[in-house]
Amino acid sequence: MSATGVDGRPGLADATRGRILFGGDYNPEQWPEETWHEDVRLMREAGVNSVTLGVFSWAKLEPRPGVREFGWLDRLMELVHENGIGVVLATPTSSPPPWMGRLHPDTLPRDEDGRTEWWGGRQHFSHSSATYRRYAAAITEDLAARYGSHPALTMWHINNEYCTYDWGDEAAGTFRRWLQDRYGTLDALNTAWGTAFWSQGYGDWQEILPPRHAHYLNNPTQVLDFKRYTSDMLLECYAAERDIVRRHSPGIPVTTNFMPLWAGQDAWTWARQEDVVSVDLYPDPRDPFGAQDGALVQDLTRSQARGPWMLMEQAAGPVNWRGVNHPKPRGLNRLWSLQAVARGADAVCYFQWRQSRQGAEKFHSGMVGHAGKQGRTYQEVRQLGAELARIGAEVTGRRSSAEVAVLHEWNAWWAGAQDGRPSREVDLPRVLRAWHRALWESHVTTDFAHPEHDLSGYRLVVVPQLYLLTDTAIDGLVAYVRGGGTLVCGFLTGIADEDDRVRPGGMDARLRELFGIRVLHEWWPLDPGEHAECEGFRGTLWSEEIEAGDAETHSRYKGGELDGLPAVLRRERAWYVSTLPEPDALRALLAGVAAEAGVRPVLDGLPARVEAVRRGDLLFVLNHGREPVTVAVPGTYRDLLGGRPVTDSLELGRYGVAVLAP
Ligand code: GAL
């Protein structure tokens with residue numbers, strides 16, 4: 001097998017081999033074996049070429065400590081293999097069997113109030129528990145030895161949606177060790193955490209705890225380090241299992257599935273440790289911005305993958321974890337699946353194949369719902385499977401390129417999301433969505449980037465909000481603008497250093513100079529529903545009392561305390577936006593700056609609700625509206641889905657999609 005991934009490792013192309021992977025989590029331990037045969041028949045009919053097995057199978061594989069029951073999995077692997085279906089095999093370590101909690105209570109995590117997370121649900125494991133890690137390594141070793149060279153195996157899937165925290169005693173020990181590695185001495189820790197305030201000075205490592213329930217605000221840098229540590233501990237668990245499976249199957253790529261825009265893992269760091277970057281994505285079918293939400297996660301995942309990526313899970317119909325769980329109207333599953341492909345996915349998979357009849361997720365849709373093969377859900381899945389098979393060879397492996405990068409980073413999120421800040425209303429995902437939406441609605445394709453990445457390939461860099469920035473990142477942004485790049489920064493950026501220490505002047509001096517800000521006097525956060533009137537638009541969420549230096553003021557505050565002060569200013573190619581403009585205004589502002597920077601929309605004159613994305617030389621056009629539209633597409637193309645030639649103009653029905661090849 002050739003190595004198609006990054007750094008000579010196997011990659012997604014080793015699993016896809018020119019097809020789009022289509023399938024999903026298959027949990028057949030819920031069903032009698034006769035059903036497996038029916039399942040496989042339906043899978044073939046639906047064009048399923050990949051199933052993910054074993055995600056929650058630990059109790060079935062190891063019913064008692066040390067006992068192994070692989071017979072059922074042997075039969076299943078053979079069955080799917082005989083039917084030409086590949087297997088993404090999961091290590092079952094996200095849901096330990098009940099015996100583990102009973103025999104080894106040390107494997108159970110504690111929350112910040114000291115309450116135990118008991119078995120009976122799932123993901124009740126402590127990342128710090130030596131016992132848990134020992135059992136997880138042992139089952140992984142045996143699974144990998146048995147199936148590591150099985151012909152059905154296409155990919156390893158480690159654990160599932162790593163997302164646990166632990167404030168317990170064993171975690172306190174690993175937290176201290178992590179802090180010793182980071183700081184070396186207690187003096188350095190005391191300085192970084194600012195423990196001189198509120199009598200928090202530590203004189204012995206044993207005094208240090210995870211940030212447990214406290215009378216009033218926890219130390220913010222302690223909380224920030226706890227988040228960094230948690231991400232690192234989970235990554236250690238992942239890497240330990242990954243290294244085991246790699247030993248047994250060096251040619252098989254390894255992944256673990258991210259949750260979309262999830263705060264618990266520094267996904268930039270994690271992505272570097274994976275052969276395939278995969279994500280689970282469940283936009284709300286009723287959300288008018290569901291498509292944009294999807295696009296944001298897809299752009300972020302593609303950027304983390306540095307190429308094609310895997311949509312590991314989505315829902316064919318409703319989920320069961322919102323307050324009200326809406327099904328997908330006819331055509332929406334196809335539309336959102338093809339949107340993921342447009343934005344770089346080479347795998348379109350679901351949770352789960354057959355809808356459960358029992359257990360916590362029996363009201364969560366499956367590819368085969370309770371209505372069975374007659375059901376609309378399965379019928380639409382089947383149609384999609386046929387279409388993905390049709391376009392697979394021409395789509396897979398192609399890359400999309402963007403001229404704009406949006407910067408996002410986890411340390412900034414962790415530090416900025418705490419209590420004791422100027423406003424609890426400022427929520428990074430909300431701000432990020434607002435800025436990404438402005439670009440999405442302007443039909444400009446965006447990558448995401450880490451602030452310390454090389455940004456020189458982008459015409460425009462957008463920073464919705466990065467409260468914390470390292471010196472390296474700040475120097476990088478300054479160099480980027482000096483090198484000819486255009487930068488737009490939102491409020492509350494560059495405020496704190498790596499230890500969450502406020503930078504002198506309230507905002508880093510290099511950035512103030514870059515934007516031409518002389519003094520940042522005060523922040524004036526806005527109440528929910530309150531607006532700040534500005535020339536040409538209304539600001540929301542935040543406003544600032546700024547004194548400009550050699551900046552050019554683009555727009556001023558009107559009325560109120562800030563009357564006449566700059567709301568949006570620029571110094572040459574460096575723009576600063578001190579509020580969150582309402583959506584239309586933010587879109588107009590960014591579209592204007594992008595045009596000045598030489599960034600072009602994918603297509604001109606696109607109707608609202610129509611998305612266009614280029615992937616290699618293919619042009620995807622997606623109608624997110626319920627009304628038919630006519631789209632101008634200058635040139636002559638072949639529509640890979642419809643098979644028809646297209647010249648200059650394209651008709652798309654409700655939720656219609658075209659994949660145009662030159
Ligand atoms: C994911 C999870 C799946 C399933 C799904 C339901 O978070 O990985 O196992 O629970 O959500 O939407």
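Author: Leu469 lies in the loop that runs between strand E12 (460–463) and helix H16 (471–482); helices (H or I, at least four residues) and strands (E, at least two) are DSSP runs numbered from the N terminus. The model is a predicted one, in which local features need pLDDT of at least 70 and side-chain atom pairs count only at pLDDT 80 or more, while totals for chains, interfaces and linings use all residues. Residues are numbered from 1 along each chain as its sequence is written, and side-chain values use heavy atoms, with hydrogens and water left out.

With a relative accessible area of 2%, Leu469 is buried, a term that means under 20% relative accessible area, against over 50% for exposed and partly exposed in between (1.4 Å probe, protein chains only). Setting aside residues up to four places away in sequence, Leu469 touches Pro451, Ile474, Leu477, Thr493, Gly494, Ala496, Asp497, Arg503 and Leu511, where contact means heavy atoms within 4.5 Å. Val245 lies 224 residues from Leu469 along the chain, and their C-alpha atoms are separated by 36 Å.

The largest nonpolar core has 170 residues, of which Leu73 and Phe515 touch the most other members; such a core is a set of buried Ala, Val, Leu, Ile, Met, Phe, Trp, Tyr and Cys residues joined through side-chain atoms within 4.5 Å. Helix H9 (residues 220–248) gives the most to this core, with eight residues. Apart from neighbours within four places in sequence, the contacts of Phe515 include Leu487, Cys489, Met507, Ala551 and Trp575.

Leu73 also takes part in helix packing: together with Asp74 and Met77 in H4, Leu73 meets Leu143, Arg146 and Tyr147 in H6. The residues of this contact divide into four nonpolar, no polar and two charged. Here Ala, Val, Leu, Ile, Met, Phe, Trp, Tyr, Cys and Pro count as nonpolar, Asp, Glu, Lys and Arg as charged, and the others, Gly among them, as polar.

H9 packs against helix H7 (residues 169–183): their axes come within 10 Å and cross at roughly 100°, the axes being lines fitted to C-alpha atoms over the stretch in contact, with angles from 0 to 180 degrees between N-to-C directions. H7 is therefore roughly perpendicular to H9, as angles of 65 to 115 degrees are classed, with under 35 roughly parallel, over 145 roughly antiparallel and the rest oblique. The residues of the contact of H7 with H9 divide into eight nonpolar, two polar and four charged.
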